[in-house]
Amino acid sequence: MTGIATYGWSVVAVPLVIAVLAATAGRVLGTRVAALAALAPAWVFAVGVAASARVLAGEEGAIASGSVEWLGAGLTVGWAIDGLTALMLLVVGLVAFLVVVFSRGYLGPGEALPRYFAVLALFTGAMSALLVADGFLGLFIGWELVGVCSYLLIGYWFTRPEASTAAVKAFLTTRVGDMGLLLALALLWREVGDLSYTAVFAAVPGMEASTVSTIGLLLLVGAVGKSAQFPLHIWLPDAMEGPTPVSALIHAATMVAAGVFLLARAWPVVGASADVQTIILVLGGFTAIAAAGSAGAQRDIKKVLAYSTISQLGFMFAAIGAGAWVVAMFHLVTHAAFKALLFLGAGSVIHATGTQRLDAMGGLLKKMPLTAGTWFVGAAALAGIPPLSGFFSKDEVLHTVVGADLGWGVMLFAASTLTAFYITRTTVLVFFGSYRGEGVPHEGGWDLRVPLVVLAAFAAALGFAGGPIAELAGGHHGEIDVLVASIATALAVLGIAVGAVSGIRPKQGADVTKLAFVGPLRWARNGWGFDEIVRQTVTRPACATARVLDRVVDRGVVDRSVEGVGALARLVGRGYSALQSGDTQWYTTLLGAGTVALLALVAYLGRGV
Amino acid sequence: MLAVDLLVAVPLLGVAAVIALGRGSATRPRAIALAFSVAFTAVFASLASAGVLTGTAVDGIRLAREAFPFWTLRIDGLSAPLLALTAVLGPVAVLASWGVREKAAAHHALLLGLQASIAGVFLAADVILLYVFWEAVLIPMYFLIGVWGHEDRRHAAMKFFIYTFAGSAFMLVGILTAVFQTGHTGLAEVLDSAFVLGQPTLVFWLIAAGMLVKIPAVPVHTWLADAHVEAPTAGSILLAGVLLKMGGYGLLRLALPIAPEVFEAARPILAVLGGVGIFYGAALALAQTDLKRLVALSSVSHMGFVLLGISAGTERGFAAAMLVMVSHGLVAPLLFLLVGQLYDRTHTRDIERFSGMGATLPRWATLFTFAALASLGLPGLSGFPGEFLAVVAGFGAWSYSIVPVMAGLVLAAAYNLRAVKGTLHGEIAEEWAEISDISAGDLVPAVVLAACIVALGVWPMFVLDMTGDALALIAALAGGM
């Protein structure tokens, strides 16, 4: 059984083959295409299990690998599975499998199922490629491919203009980050002449400090884009235009965590520069609190979860900035479970109510007890209530950050309190009070319910797996810090109390965010107005520049001067040979004259021979 | 080997066959043309056994020197990928003009004539022969645009002709100077004795001028958009697919080896031209409302990577240039093919008038999205390996000066996704709700190109295996590694 880890490349190949099959034969299969697609993450999970077993049994380093020259001398792509990869394969395989199952029930038979499930399988393969790559080139390939899958799935309902716009925005924003990563690769190639991890990491000690910092910074730019950290976070809230299961998988549990994975994977580079670490800590801490504030002001259940994801990724970045990438990986794993759970729970609610608006929900506890019960587990885990998974991992994050920088530690405590606030407020608005929407909401079929139960189990229990998770990631599991844990729990209870009060009983159709301070709330809801700043300072000027270059420079000056020469020549030509009429004759004359002149020039140049 | 000469002779025989057997028929010429263009592909494939795919150089047969003084053909690692591209695009161009019924015999004869002259450019091992083929390319293209083009075809055809002819006039002076001063016309002999050149700087720039117009480099690019917009689909396919490649090919084949030390001094200029082209072309593409013009201007951006790669002066940079040329030779034709199919159904190219075509034309939309993703350089498709290598090689040579290229790559994503969004996404336009999706016949050339795009994207070594030795020799001349 553990032998399948030897064929690690298959975590890319199998999903790709399934994607092609789903795309081509999907129409024949009907709804059974979901079963076909489910094989892709199931295989990834199986390899993850086999590889994890071998790592936990004591195998050191990469347990299996292979590579091939892909782009000329030295530029190879290859794969290697170590504990960190195995851990991520487990996460990706499990969440993706459950999301495929959930999607089967979520998307009706009238949907474009072959396209949806083919891209989902493609995503699984691309994400696996990112994870099993043995170097930066392979990682970059997977990195770009998951981005395009994200684009295709955000824009799944492409006849909705908002979905299309959000898809483009997501791709372009992350592309800006990707350019940092690309530049990092170019710099690494120049400095090392090899892009495989082993070669790069071996070369780091011999590099100049400034070079190491530059490489770290460029890698960070890529990670910031993918993991939606300030200032490249703006795409993620809009990405909620995609189907909710997609948001659970790509925009919460796996792809957006790729930035964290990159920084952990490249730790020998990132960790070699104190400056880079400080920047990561500041960006992460700032993003964590700013996004948590925005999450508290949302009216749309998915937008709450989107800002929550940005905020939680900020926690992970802060942990990396504090030097504890193993802790960040622990939080990545627990977050994957409870955030996927919350997103799928939101999907269940949206499926039942037909809306994402919090003011059209309420009272669903009685109508959808299973969704409500599993949601409570996820919400409590996110809020950091012991003994659920989020409590353990967040405690470690807070503990390490406080140890590294007390100021940012305090900020993270505040963000953590806000977290408890916004998720409680949302919970109350969705599940308590009386139902304010239309129709009679009820639980979905087994395919909607089973993933919720499985994820709830993981969200509840993963905190106790901190040891093995840390061991897989390649580090050591810390002890619970009683003081930090007590303060965090007390603050969580405070956040829950305020959140519960703020969420109680809005009337039907009432603006659920209408509290005493409306202005700041709108500001928070719109992501602190940062979107608008980007639109005014980047998007608009860029488009205006393109238009000016086209109309004024290219057509106005460059082309007009060419046409002007032509027109002048015609004019001279008319005067010169008034008897002749028609362009063709004149051009013939011109060609003749030109040829004579050229021959004269040739004779002149060749005179020495 | 005779097969080398057949690469020129087969399409020429095809011209004769189309004229002799196809006149007066609307459908027979296309069948004959397809047969001969596929025969070209078969001849090229047969050269694989001679090791062409692994970079072995193969000479054509030696004809009587007295009767054919300049006729020497040779295929090597530099020309093989571009001939492979020609072999793919020949049948694609014929299939793309399957619906042409007006003066069909002349149309298909010109297509084959174009294919013969382009093959000649890539095969010529004699500078005079090279120049003859180089100019011969212009004539069929001029008529294809001028006769079968769109509304403003005459102006565009004339602009194309005069512009590129003017460029090659400089090149002619450069070539003749080299011929007179070295006393040879054979390419190898000219290059071997190029050290005798009295004015190498002048010769280099005269030749390079012809190449830069062809590529095209900014600011001598404005013939391109007009020519593409007005050209019929098959014309655009061959124009973007192989004509532009003559420029990059010529720089590596002739301009660089004839005056390596001048090239060395010219590298910064080429880099600036490349970088400006990448950014400027992408920005222009972003501002277009005419879908075909958008694709045309994207060529300026992509071909900038060819100049960037060459400017690095290293084998890796040259390999990047070759990969970009082959990739662009597949992606741009696919885009032009698809835009042409859309135009056939809607008679407009205005992005603003399209909406929700993804629901109306699902098959077409899938291919168009695919092509746009290939154009923006998605890994796994053909655009990525070359552009990645160009960035790596460019960074090695020019360090952080290449950052504007990064901006160009972001813009490439922007204009391609804008094209997809503008045409395919949004609410379904009632105006086009009734039009039919592309047929199986339309699919064939598109799927052939798409398959090649995937193949090259997954396995770029296919091209690099061909180019290896030839590029190493040129890089050794240039003094790089």
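Tutor: Happy to. In this predicted model, the largest nonpolar core has 446 residues, and the members that touch the most others in it are A:Ala37 and A:Ala459.

Let's take A:Ala459 to begin with. Setting aside its neighbours within four places in sequence, its contacts are A:Ala337, A:Phe338, A:Leu341, A:Val377, A:Gly378, A:Ala381, A:Leu388 and A:Ser389. Now look at A:Phe458, which belongs to helix α20 of chain A, residues 446-461. A:Phe458 has 23 other C-beta atoms within 10 Å, and the cut-off for a buried residue is 20 or more, so A:Phe458 counts as buried.

Helix α2 of chain A covers residues 33-56 and helix α4 of chain A covers residues 113-132; their axes come within 9 Å and cross at roughly 5°. An angle under 35 degrees counts as roughly parallel, and α2(A) and α4(A) are therefore roughly parallel to each other. If you are tracing the side chains on your screen, keep one rule in mind: an α-helix has 3.6 residues a turn, so residues three or four places apart point the same way.

For a helix with every residue buried, turn to α11 of chain A, residues 258-265. Eight of its eight residues are buried, so α11(A) is largely enclosed by the rest of the structure. The buried residues include A:Val260, A:Phe261, A:Leu262 and A:Leu263, and also A:Arg265.

Stepping back to the whole of chain A, you will find 25 helices and two strands. Its C-alpha atoms fill a box of roughly 95 × 60 × 55 Å along the principal axes. Of its 609 residues, 58% count as buried. Among contacts in chain A with a separation of 6 or more, 81% join residues 24 or more positions apart.

Chain A also touches chain B, through 43 residues from chain A and 48 residues from chain B. On the chain A side, α5 (136-154), α6 (161-192), α24 (530-576) and α25 (583-605) each supply at least two residues. The most comes from α6(A), with 14 residues. This side of chain A divides into 26 nonpolar, nine polar and eight charged residues.

Finally, chain B itself has 20 helices and two strands. Its radius of gyration is 21 Å, close to the 23 Å that the globule rule gives for 481 residues, so chain B is as compact as a globular protein of that length. The C-alpha trace of chain B spans about 70 × 60 × 40 Å along its principal axes, and buried residues make up 68% of its 481 residues.

How values were computed:
Residues are numbered from 1 along each chain as its sequence is written. Chains are lettered from A and ligands numbered from 1 in the order in which they are written. This is a predicted model: local features need pLDDT of at least 70, side-chain atom pairs count only at pLDDT 80 or more; totals for chains, interfaces and linings use all residues. A nonpolar core is a set of buried Ala, Val, Leu, Ile, Met, Phe, Trp, Tyr and Cys residues joined through C-beta atoms within 7 Å. A residue is buried if 20 or more other C-beta atoms lie within 10 Å of its own, exposed if 12 or fewer, and partly exposed in between; C-beta atoms are placed from the backbone. Two residues are in contact if their C-beta atoms, placed from the backbone, lie within 7 Å. Helices (H or I, at least four residues) and strands (E, at least two) are DSSP runs, numbered from the N terminus. The radius of gyration is taken over C-alpha atoms; the globule rule is 2.2 Å times the number of residues to the power 0.38. Axes are lines fitted to C-alpha atoms, for helices over the stretch in contact, and angles run from 0 to 180 degrees between N-to-C directions. Angles under 35 degrees count as roughly parallel, over 145 as roughly antiparallel, 65 to 115 as roughly perpendicular and the rest as oblique. Ala, Val, Leu, Ile, Met, Phe, Trp, Tyr, Cys and Pro count as nonpolar, Asp, Glu, Lys and Arg as charged, and the others, Gly among them, as polar.
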